[in-house]
Amino acid sequence: MNLLKSTLFASTFALSAIAGAITAQAEPGRFMDMKTVVKAPIGYQQFCKDNAGACPQSSYDPVVVRLNEALWEQLIAINQEVNSRVRPMTDEDLFGKVEHWSYPVNGYGDCEEYVLEKQRILLKAGWPQSALLITVAKDVQNSGHAVLTVRTDHGDMILDNQIEAVLPWYSTPYRYIKRQSARSAAKWTGISDTRVTTVSSVSR
């Protein structure tokens with residue numbers, strides 16, 4: 001078992017010990033089950049108005065990144081670097097609004113700021129746009145939460161500010177709602193997440 005597979009196994013096992021039991025109606029696949037086209041979150045629409053260059057309207061062929069040790073280590077390092085550099089602060093405290101998407105401001109932000117910053121850094125590092133998808137979910141408190149889905153040959157991997165490990169989507173304690181389309185950053189697709197998830201606690 002190589003380092004990449006060993007790390008994936010260890011990360012998944014560690015989360016199950018922290019978060020509690022996760023049960024499923026059916027064995028989840030490595031990739032999320034995508035449904036029909038849906039509207040982009042209002043916060044993302046506002047972000048694109050403020051940062052037009054970060055929201056390309058073009059379409060492209062989906063790319064699944066073939067992970068090797070170097071790319072896997074880069075993914076982990078960027079996730080950890082952003083999580084340690086950006087300090088958590090609500091939109092209400094930071095912007096005076098209930099919902100506002102932006103890149104981190106003066107080193108602060110909530111889940112969307114973490115996601116946007118990770119996506120920006122990975123794009124600069126050469127990762128394809130179609131493999132870096134902003135994703136909306138419900139967390140263990142049933143509150144809205146944003147993570148970054150990275151499409152790889154090992155499946156959909158999640159970069160998160162609440163959980164330090166980079167994990168397969170089905171090993172996280174969230175219920176996934178929708179995400180950017182792999183064919184266009186401007187379009188969003190609903191997610192069919194039929195898992196039944198029971199989580200006692202989650203590391204923040």
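Two strands are said to pair if DSSP finds at least two bridges between them, and strands (E, at least two residues), like helices (H or I, at least four residues), are DSSP runs numbered from the N terminus. By that criterion β7 and strand β8 (residues 167-168) pair in the antiparallel sense over 2 bridges, with Ile-158 standing opposite Leu-167 in β8. The structure is a predicted model, in which local features need pLDDT of at least 70 and side-chain atom pairs count only at pLDDT 80 or more, while totals for chains, interfaces and linings use all residues. Residues are numbered from 1 along each chain as its sequence is written, and side-chain values use heavy atoms, with hydrogens and water left out.

The other partner described here for β7 is β6, to which β7 is joined by 5 bridges in an antiparallel arrangement. The two strands form a hairpin with 2 residues between them, and Leu-148 stands opposite Leu-159 in β7. Strand β7 (residues 155-159) is largely enclosed by the rest of the structure, because 5 of its 5 residues are buried; buried means under 20% relative accessible area, exposed over 50% and partly exposed in between, with a 1.4 Å probe and protein chains only.

For the chain as a whole, the secondary structure comes to 5 helices and 11 strands, and buried residues make up 45% of its 204 residues. Contact means heavy atoms within 4.5 Å, and of the contacts in the chain with a separation of 6 or more, 65% are between residues 24 or more positions apart. The accessible surface comes to about 10000 Å², of which 54% belongs to carbon and sulfur atoms; such areas come from the Shrake-Rupley method with a 1.4 Å probe, and for residues only the protein chains shown count as cover.

Helix α2 (residues 42-50) has as its buried residues Gly-43, Tyr-44, Gln-46, Phe-47 and Cys-48. These buried residues pack against α5 (111-124) and against the strands β5 (132-138), β9 (175-181) and β10 (184-191).

In helix α4 (residues 91-95) we find Asp-91, which counts as buried because its relative accessibility is 2%. Leaving aside neighbours within four places in sequence, Asp-91 is in contact with Gly-96, Lys-97, Val-98, Glu-99, His-100, Asp-110, Glu-112 and Glu-113. Asp-91 and Gly-109 are 18 residues apart in sequence, and their C-alpha atoms are 7.2 Å apart in space.

Helix α5 returns in the largest pocket, where β3 (87-88), α5 and β6 (144-152) each supply at least two residues of the lining. Of the 16 lining residues, Pro-88, Cys-111, Tyr-114, Asn-161 and Gln-162 lie nearest the centre of the pocket, and about 320 Å³ of space lies within it. By class the lining has 4 nonpolar, 7 polar and 5 charged residues.

Most residues other than glycine have a negative phi. Asn-106, although not a glycine, has a positive phi of about 55 degrees; Asn-106 is placed in the loop between α4 and β4 (108-109) and counts as exposed because its relative accessibility is 72%. Asn-142, again not a glycine, has a positive phi of about 65 degrees and lies in the loop between β5 and β6.For the pocket terms, a pocket is an open set of points on a 1 Å grid over the protein atoms alone, where a 1.4 Å probe fits, with protein on both sides within 12 Å along at least five of seven lines, and lining residues have an atom within 4 Å of a point. Grid points are joined across faces, edges and corners, and a volume is the space filled by probe spheres set on them. Ala, Val, Leu, Ile, Met, Phe, Trp, Tyr, Cys and Pro count as nonpolar, Asp, Glu, Lys and Arg as charged, and the others, Gly among them, as polar.
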